[in-house]
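I opened this model to look up a few residues, then the strands around them. My entries follow in the order in which I made them.

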Amino acid sequence: MASGVKPRVKVPKTAAAGEAITIKTLISHKMESGQRKDDDGNVIPRSIINRFTCDFNGESVIDVVLEPAISTNPYLEFEALVPETGEFKFTWYDDDGSVYEETKEITVG
Amino acid sequence: MELTRRKAILLGAGAFLAAGLPFRASAALEDKIAEFTGGAEVGAGDIQLTAPEIAENGNTVPIEVSSDTADEIMVLALGNPTPSVATFKFGKLAASRTASTRIRLAGTQDVIAIAKLPDGSFVQATSTVKVTIGGCGG
């Protein structure tokens with residue numbers, strides 16, 4: 001499934017150098033677990049986001065492996081250090097091979 | 001229907017298989033843990049798992065893992081059809097070893113978080129969540 005997937009990320013616009021900021025991410029995705037059955041009793045095949053990564057200027061912040069036990073519209077919240085002005089890059093990897101990306105700029109003032 | 005000897009044996013074999021199922025589920029769990037820890041012993045210590053005591057809806061149960069030093073944290077739900085939930089790997093720019101997300105739980109069960117510390121040792125924390133409506137559909 002690659003329709004209607006929309007990443008949403010909340011990152012502050014500015015931060016002090018070396019400050020720890022909280023990042024909240026959500027992506028709309030049905031996260032079909034592969035356990036459910038349709039009305040005819042056929043198993044609905046698994047279709048989930050299996051990996052999420054967040055980088056800041058190429059340095060890794062967090063790398064998460066997601067399993068079918070993660071809820072629909074996977075939500076993740078974590079904290080990152082901001083050493084300098086730069087760009088956060090968020091990447092979600094779908095089971096079907098699609099990759100969803102989102103970037104957010106942050107200014108150290 | 002007459003209970004023949006053949007049927008009795010089949011019944012017995014069926015019952016034996018059914019009884020064996022929980023064992024197989026826990027074997028999968030042990031495999032998962034062994035894969036993560038490499039067979040090392042798992043102690044208690046620098047890991048906290050925050051989960052609600054009662055979750056009304058097993059489809060979205062908010063959980064949070066945190067630790068002071070962990071490099072990696074794996075979350076497992078013991079009562080789910082597949083025990084794995086997520087593995088968090090913290091990079092250089094992670095300000096804290098904290099992450100929260102929402103998970104699915106099939107029913108009332110224990111949730112475990114296992115953390116890999118920088119010295120190569122492993123610690124775990126467990127939390128029991130009561131689930132009113134399971135989150136596995138069908």
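I began with Met31(A), which is buried, with a relative accessible area of 0%; buried here means under 20% relative accessible area, exposed over 50% and partly exposed in between, with a 1.4 Å probe and protein chains only. I noted that the model is predicted, so that local features need pLDDT of at least 70 and side-chain atom pairs count only at pLDDT 80 or more, while totals for chains, interfaces and linings use all residues. Residues are numbered from 1 along each chain as its sequence is written, chains are lettered from A and ligands numbered from 1 in the order in which they are written, and side-chain values use heavy atoms, with hydrogens and water left out.

Met31(A) sits in the loop between β3 and β4 (49–56) of chain A, where strands are DSSP runs of E of at least two residues, and helices runs of H or I of at least four, numbered from the N terminus. Its phi is near 50°, a positive value in a residue other than glycine. I found another such case in Asn73(A), whose phi is near 55°; this residue belongs to the loop between β5 (59–66) and β6 of chain A and is partly exposed, with a relative accessible area of 31%.

Next I looked up Asn57(A), in the loop between β4 and β5 of chain A, which is partly exposed at a relative accessible area of 39%. Leaving out residues up to four places away in sequence, Asn57(A) touches Glu84(A), Thr85(A), Gly86(A) and Glu87(A), contact meaning heavy atoms within 4.5 Å. Although Asn57(A) and Glu84(A) are 27 residues apart in sequence, their C-alpha atoms are 9.1 Å apart. A polar atom of the Asn57(A) side chain lies 3.1 Å from the backbone nitrogen of Glu87(A).

I then turned to chain A as a whole, which has zero helices and eight strands. Of its 109 residues, 42% count as buried, and the C-alpha trace spans about 60 × 20 × 20 Å along its principal axes.

Which strands make up the open sheet of six, and in what order? I read the order as β1(A)-β3(A)-β6(A)-β7(B)-β4(B)-β2(B), with antiparallel pairing, two strands being paired if DSSP finds at least two bridges between them. β1 (7–10) of chain A and β2 (48–50) of chain B stand at the edges with a single partner strand each, so one side of each is left without a neighbour in the sheet.

Within that sheet, β1(A) and β3(A) pair over four bridges, and Pro7(A) has Ile27(A) as its bridge partner in β3(A).

My last entry concerns Asp46(B), in the loop between β1 (42–43) and β2 of chain B. Asp46(B) is buried yet has no salt bridge, and the nearest side chain of opposite charge, Arg97(B), is 8.0 Å away; a salt bridge needs a side-chain nitrogen of Lys or Arg within 4 Å of a carboxyl oxygen of Asp or Glu. The backbone nitrogen of Asp68(B) lies 3.0 Å from a polar atom of the Asp46(B) side chain.

How values were computed: Lys, Arg positive; Asp, Glu negative; His and termini not counted. Polar contact = N/O pair within 3.5 Å; in protein donor to acceptor, adjacent residues only side chain to side chain.
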